[in-house]
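Below are my notes on the model, as numbered points.

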Amino acid sequence: MATTPVDRRRHALDMQIRESLTGKHLVVAEEGFEIKRSLPHGHVAAIAAMANELKLPALLGPACRERDIIYALILARAIRPASKLATSRWFKDSTLGVDLGVVGISTDEIYSAMDWLYARQGTIEATLAKRHLQEDSRVLYDLSSSWMEGTHCPLAAYGYSRDHKRGKTQIEYGLMTDVDGRPISIEVFSGNTGDPSAFVNAVNMTRDRFGLRELIMVGDRGMITRARIEALRGLEGAKWITCLRAPQIRTLIDGGSLQLGLFDETNLAAITHPDYPDERLIACRNPDLARLRANKREELLVATEKELERLSSSAGSSKYPMALRVGRVLDRHKMAKHFTLEFDDDESFTFVRDTNSIETEAALDGIYVIRTSVSQEELDDAKAVEAYKGLSVVERNFRNLKVIDLDLRPIYHYSENRVRAHVFLSMLALYVTWHMREALAPLMFADEEIPEHHDPVAPALRSRAAELKDATKRGADGEPIHSFGTLLAHLGTLTRNTAEFTQGIQIEQLSVSTPLQRRVFELIGSPIPTTIGGK
């Protein structure tokens, strides 16, 4: 029989009388307790769970106050990269600071912990190398730079800025990863260090510190130059995979060693030349890359022509000499080699395209030549090409390190060792986020099932599932696909709440997790922890 509202009220009153007779105190629900504090917890818990899966606390060193601070700084940089001062302020606004006991720490404590970390860098990197590298391992290595703030750091110097930050001193750093892109080590150099010298230093460091007798280094054409290769020849067990520069390719073509007709039937061919003894040369032509470069060159030519025409019609309108203004225009798009100019006087000029120069450059569009000392038995031609193209994972790491995830730049420290510690700390955060991205690939735009690549020269293929992700912005389960940043933001809505009841009793309880939050922890392989700890 259905109950009426009057019946339900009578039942509730009876229950209250019974509870009172047993000695229990009854209070109005909304007045019985209050939420004293709610702290964002889910993103911190997820990053910490991944770090614990990687045994990061033990990797850092024995338990101590410095380790707790560094562990907290690594997790904070993976979640909310900021200056050390801003991070110390943020600790009180998440469960990370409370659970690791770093709320209210001073910058002096942070700097002391960074000194502790720098002293342990060699040991930590050796452990990572032991985890992920074996004899005959290929490693990927590349160099990047970030600008400095301040004027007192001995490492800060003017050099080629990969950030295109003019007027700023910088540091350079070389990142080494395994073939899958896991960060293994990072070394900081003065801001005016050339790529080749940094590379040779990395080879010696890797062999000596990591105890690898056989090593295959993969670096770009600006890193492993002819002079550096001559130096590498004297290192037993050191091998390389790199790529020739455009003038070297032109020499091969002009000398007949590389005939463009080869590419009529294939896009990959092994060639030889006496200038490269005991090495293999693998010539490749990518038609898609050729079209891309041709289109880009035409766009730059058109843009340069428009600016030159504007200058030509504005003679006498500037205090600067016309030749100087024309030079700036040509330098802006690096198109000076493709134009012929004639100056009639100080303020008038004519220009035409240099068709011979354009055609000479166009003949090399899409062509690159792999240069390697690795034997055919160790890596066939296709595998050697794939190994060189693997450098893209290091470039992706640099993007994550500098911009997307970890925001390494700019750098404010002026102590040389603390600059090195800051960069190393950021690399450790990258190590955690690299594994985090791998684990959460089903929830992100990453390709989980990369198709088998039959043509190493052609652009990498994406699976049908990845294409559907891009097109629909949803996964196989119909749920929205996320970026790493939006996943962290959603995880942060899982809070830990401190409730205080009228009797003075306090309890801590997590808010109810969403299906997406539960799925994240399932993929990491961890239950949702109530507290953060460094094991």
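1. The chain contains 19 helices and 13 strands, where helices (H or I, at least four residues) and strands (E, at least two) are DSSP runs numbered from the N terminus. This is a predicted model, in which local features need pLDDT of at least 70, side-chain atom pairs count only at pLDDT 80 or more, and totals for chains, interfaces and linings use all residues. Residues are numbered from 1 along each chain as its sequence is written, and side-chain values use heavy atoms, with hydrogens and water left out.

2. Of the 535 residues in the chain, 45% are buried; buried means under 20% relative accessible area, exposed over 50% and partly exposed in between, with a 1.4 Å probe and protein chains only. Among contacts (heavy atoms within 4.5 Å) with a separation of 6 or more, 67% join residues 24 or more positions apart.

3. The largest nonpolar core has 87 residues. Such a core is a set of buried Ala, Val, Leu, Ile, Met, Phe, Trp, Tyr and Cys residues joined through side-chain atoms within 4.5 Å. Helix α16 (residues 416–439) gives the most to this core, 13 residues. Leu-60 and Ile-70 have the most contacts inside the core. Leaving aside residues up to four places away in sequence, the residues that Leu-60 touches include Ile-70, Ile-74, Trp-116, Ile-124 and Leu-428, as well as Arg-67 and Arg-120. A second, separate core has 21 residues, among them Tyr-141, Ala-202, Phe-210 and Leu-215.

4. Which way do α2 and α16 run relative to each other? Their axes come within 10 Å and cross at roughly 100°, the axes being lines fitted to C-alpha atoms over the stretch in contact, with angles from 0 to 180 degrees between N-to-C directions. α2 and α16 are therefore roughly perpendicular to each other (65 to 115 degrees; under 35 counts as roughly parallel, over 145 as roughly antiparallel and the rest as oblique). Ala-46, Ile-47, Met-50 and Ala-51 of α2 meet Val-432, His-435, Met-436 and Ala-439 of α16. This contact has 7 nonpolar, 1 polar and no charged residues, with Ala, Val, Leu, Ile, Met, Phe, Trp, Tyr, Cys and Pro counted as nonpolar, Asp, Glu, Lys and Arg as charged, and the others, Gly among them, as polar.

5. Helix α2 (residues 42–53) also packs on α19, with axes that come within 10 Å and cross at roughly 10°. That makes α2 roughly parallel to α19. On the α2 side, Gly-42, Ala-45, Ala-46, Ala-49, Met-50 and Glu-53 meet Val-520, Phe-521 and Ile-524 of α19. The contact divides into 7 nonpolar, 1 polar and 1 charged residue.

6. Helix α18 (residues 484–491) packs against α19 (residues 515–524) at about 115°, with the axes 10 Å apart. α18 is thus roughly perpendicular to α19. Leu-487, His-490 and Leu-491 in α18 meet Leu-516, Gln-517, Val-520 and Phe-521 in α19.

7. Lys-334, not a glycine, has a positive phi of about 55°; Lys-334 lies in the loop between α12 (322–332) and β9 (339–343) and counts as exposed at 55% relative accessibility. Lys-473 has a positive phi of about 60° in the loop between α17 (464–472) and α18, and is partly exposed at 45%.
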